[in-house]
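Welcome! Here is a short tour of a structure that may be new to you. Take a look at it first, and then read on.

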Amino acid sequence: MTAIVEVHDLSIGWSRDEVLLEHASFDVRTGEIFGLLGRSASGKTTLLRVLAGLEAPLAGTIEMRVTEHDHCPALGVMFQQGALFGSMTIADNVALPLQRWTDLPPDAIRAIARAKLRLVGLEAAFDVMPANLSGGMRKRAAIARALALEPPILMLDEPSSGLDPITSAEIDALIATLAHALGLTVIVVTHELGSIDAIIDRCILLDRDSRSILAQGTPRELRDSTVPRVQHFFHRTPEHV
Amino acid sequence: MPAWQVIGSDDRLELVGELRLADAPAIWRAMRAATREHAPRQIDVSKATAIDGAVMSLLSEVIRGCTCELVGATPAIAEVAHLYLGARQLPHPVHERAIARLGDATYRAVRAVGDVAAFTGDLAIALGATVRNRRAADWRSLPALIERAGIDGLPIVVLLNFLIGFVGAFQTTRYLQQFGANIYVADIVGISVTRELSPLITAIIISGRSGAAYAAELGTMRVSEEIDALRTMGIGPTAYLVLPRVIALAVVAPVLTLLGDITGVLGGLAVGKASLSLTATGFMNELRTIVVASDVWTGLVKSVAFGVAIALIGCRHGLSTRGAAAGVGRGTTATIVACLFSIVILDTLATMVFREFGL
């Protein structure tokens, strides 16, 4: 598989004095589900935001090998709380990027929004306001919105956090199905061990103390690692008691 | 030459080439034109090299409600088709009829009346519980509630009632002067302010200040699960939160109304002195002959009813808030509308009852 994202010598953080990650290099291959793992405050979400172009890196390069059609965004991003617009219905949330980036007539846009919501199992919530959805439904709706412009890369920030195990497993299954059927490359931030084992092909484990990538490979390779901090993460053992 | 083609015949739709979001507007028009007269029975995608999710979404809309089969799909297209079209036939969208919507609205209106009755019943039970156990209600909050609704609202109540009395008197000056009946400005202002204007204006101000504040306050508590936390601690929110607010407004509303009566009359007196050459003594003597105690206390009785209604409406909307910040906003707006509506209805009923008893 070819690399669709190549990260070289990347440093991220709030300033030169507040660095979260230094000299990180990794690549994400086309069609894989790639995990950004790590403990809380290790910089996973910030790294995702840098990859999505929402934050500037302190140093290093990110190369995205995607074709942008008519400057239409090549990334679909699902934020941790969904970030749905509370004043719009779910359908209008999904339709918004299509209204912005395509010349489709309103009936076609509604048709696409309906199909995207059906895809994530939310067609019944077409005209519902986000406030009236559960946490899991909001995340599904946010995935539908992220998929609206057919992006080749989907970025998901903790898609299953705060959800019950069944809903969490359903979201994982949805991500795997979408990635496989639509040929998407998915970059997912998570620290849910169940999700890591269920859907992730390859991953990197960030370490907040050394501000570096502690390990990278498949979940199985990381699970078998002899590095103590990697073992702590995968075997849920405390570092300090 | 586009990289795609949509070819329609009687009962067949053929998609050719690479069909993607970038070309979706033209593809949508072509599919609509090809299927306008005949729903396709077969969709042939054997010559399609790629169909993305957006075009498959449009295709799903085109074939919604008709029985048709997709033929010639490559494994990649079949996978996208399976995802978007599924194995099942797509149902027609259900459009609710006007009569059904009317029925639904009627049902909701009736249910709302039932909810208000249930809420009032809850309050009666809470009152009983509080009589048995004084700690059921949050009495410590009562002084602060009275201060917020009463003392903090005093300047605006005084100012608006003065202006209402002033404007009301001013409107009559021209006509009273024509008949040489300047002194009757005291009668007009005295009766209208004490029986109607002061209770109404004061209640409207209380609705905007306290009614809305109660809805927002309790609504925020509801969405942040504080109300649920109270319940888990065995504290009934009606007794703990609603009862003190109802008592606060039942106390504050007549006091503010009485002050509104005084300042409204002073507004009329200002006009009488400035425009009608009346003396303060003459104005007050005329006022005493025409305004009797029942004019004042009927206004005060109405204001107690308004205060209780405003508190109940605000608290009920707050406690039934659903959703996050938007729900709190909706509850606050609904409170203002319901308060104004209720105040006018109560005022009409009270006026008719007082008239029936010769008051």
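## Chain B as a whole

Among contacts in chain B between residues at least 6 apart in sequence, 86% join residues at least 24 apart; two residues are in contact if their C-beta atoms, placed from the backbone, lie within 7 Å. Buried residues (20 or more other C-beta atoms within 10 Å of their own; 12 or fewer is exposed, in between is partly exposed) make up 37% of the 359 residues in chain B. You will find 12 helices and four strands in chain B, where helices (H or I, at least four residues) and strands (E, at least two) are DSSP runs numbered from the N terminus.

This is a predicted model, in which local features need pLDDT of at least 70, side-chain atom pairs count only at pLDDT 80 or more, and totals for chains, interfaces and linings use all residues. Residues are numbered from 1 along each chain as its sequence is written, while chains are lettered from A and ligands numbered from 1 in the order in which they are written.

## Two helices that cross

Helix α4 (residues 98–132) of chain B packs with helix α9 (residues 237–275) of chain B at an angle of about 100°, their axes 9 Å apart. Axes are lines fitted to C-alpha atoms, for helices over the stretch in contact, with angles from 0 to 180 degrees between N-to-C directions. That makes α4(B) roughly perpendicular to α9(B), a term for angles of 65 to 115 degrees.

## A look at Leu163(B)

Leu163(B) sits in helix α6 (residues 154–178) of chain B. Leu163(B) is partly exposed, because 14 other C-beta atoms lie within 10 Å. Leu163(B) and Gly267(B) are 104 residues apart in sequence, yet 6.2 Å apart in space, C-alpha to C-alpha.

Methods
Angles under 35 degrees count as roughly parallel, over 145 as roughly antiparallel, 65 to 115 as roughly perpendicular and the rest as oblique.
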